[in-house]
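Colleague: Please put the model on screen. I would like to go through it piece by piece.

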Amino acid sequence: MFDRDRFIADCRAAVASEPCHKAVREVVARAVGAPAAVLTGLGAPTRGEIQKLYQSDELTILNVIWGPYMTIFPHNHRMWAVIGIYTGREDNIFWRRIPGGDGSKVEAAGAKALSVKDAEPLGKDIIHSVTNPIPRLTGAIHVYGGDFFSTARSEWDSETLAERPYDVQMAMRLFEESNARLVRS
Ligand SMILES: [Fe+2]
């Protein structure tokens, strides 16, 4: 079974033993390796949202529920992360800054399709955009090696790919727009 408090304690112990993503990745991989247990422990997703499970200076743990076909614009975290999928799918596009110019524009550099049971580590300089490519909710545990909510970061406009400060309200709007579509369908 998946116990939320046990999972949080295991992630905290992992970071305390090794201040990088490696030990946390093992904890996340073990959890999403039994996806049905995570669904029972966290509850089956009902709407697109970000549920904060834990937040400290060293660690943030989120339960991220992506709406059907929802896409979030390119953004960075400026801290390592681990993404573990327990229901649905996540397609990640990875971006890199284009050398020259003012260094703010990005180009696509790679992609990774994540499925149930995958636990993917992301380095601290990663820029990614995320799409839920399926017509139902996707549930993922996201663990970050720092305080996700108080660290300044960047996002890149989906159309112009111009860099700007990350706007948490805009990100939240994307979740609400996906929920409005969910209700209509
Ligand atoms: Fe992200």
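Colleague: Which residues of H4 are buried?

Modeller: First, this is a predicted model: local features need pLDDT of at least 70, side-chain atom pairs count only at pLDDT 80 or more, and totals for chains, interfaces and linings use all residues. Residues are numbered from 1 along each chain as its sequence is written, and side-chain values use heavy atoms, leaving out hydrogens and water. Helices (H or I, at least four residues) and strands (E, at least two) are DSSP runs, numbered from the N terminus; buried means under 20% relative accessible area, exposed over 50%, partly exposed in between (1.4 Å probe, protein chains only). On that basis, the buried residues of H4 are Ala 171, Leu 174, Phe 175, Ser 178 and Asn 179.

Colleague: How far does H1 reach from its first C-alpha to its last?

Modeller: The expected span of a helix is 1.5 Å times one less than its number of residues. H1 has 14 residues, and 20 Å is expected. Its reach is close to that, at 20 Å.

Colleague: Which elements do the buried residues of H1 pack against?

Modeller: Phe 7, Ile 8, Cys 11, Ala 14 and Val 15 are buried in H1. Their arc down the axis is 125°, so they line one face of the helix. On the other side, Asp 5, Arg 6, Ala 16 and Ser 17 are exposed. The buried ones pack against H2, E1, E2 and E9.

Colleague: What is the strand order of the open sheet?

Modeller: Two strands pair if DSSP finds at least two bridges between them. The open sheet has five strands with antiparallel pairing. E1 (49–55) and E7 (119–122) each pair on one side only, as edge strands. The order is E1-E2-E9-E4-E7.

Colleague: At what angle does H1 run to E1?

Modeller: Axes are lines fitted to C-alpha atoms, for helices over the stretch in contact, and angles run from 0 to 180 degrees between N-to-C directions. H1 (residues 4–17) lies across E1, E2 and E9. Its angle to E1 is about 60°.

Colleague: And what angle does the direction of H2 make with that of E4?

Modeller: H2 (residues 21–32) also packs on the sheet. It touches E4, E7 and E9. Its direction makes an angle with that of E4 of about 5°.

Colleague: How many residues of E2 are buried?

Modeller: In a regular strand the side chains alternate between the two faces of the sheet. Here both faces of E2 are covered, with Thr 60, Leu 62, Val 64 and Trp 66 on one side and Ile 61, Asn 63 and Ile 65 on the other. E2 is largely enclosed by the rest of the structure, because the buried count is seven of the seven.

Colleague: How many bridges pair E2 with E9?

Modeller: On the E1 side, a hairpin of four residues joins E1 to E2, and the two pair over six bridges. Towards E9, Ile 61 has Val 143 as its bridge partner. E2 and E9 pair in the antiparallel sense, and the bridges number seven.

Colleague: Which protein donors hold the iron ion?

Modeller: Donors are N, O and S atoms within 2.8 Å of the metal (3.2 Å for Na, K and Ca); water is not among the atoms, so sites may look incomplete. The spacing along the chain is H-x1-H-x50-H. At 2.1 Å from the ion lie the NE2 atoms of His 75, His 77 and His 128.

Colleague: How many residues apart in sequence are the parts that His 77 and His 128 tie together?

Modeller: Both count as buried: His 77 because its relative accessibility is 1%, His 128 because its value is 2%. His 77 lies in the loop between E3 (71–76) and E4 (81–87), and His 128 in E8 (residues 127–131), so the parts tied together are apart by 51 residues.

Colleague: Which residue in E8 does His 75 stand opposite?

Modeller: E3 is mostly covered, with five of its six residues buried. Four bridges join E3 to E8, running antiparallel. Opposite His 75 stands His 128.

Key:
Contact = heavy atoms within 4.5 Å. Arc of directions from axis to C-beta.
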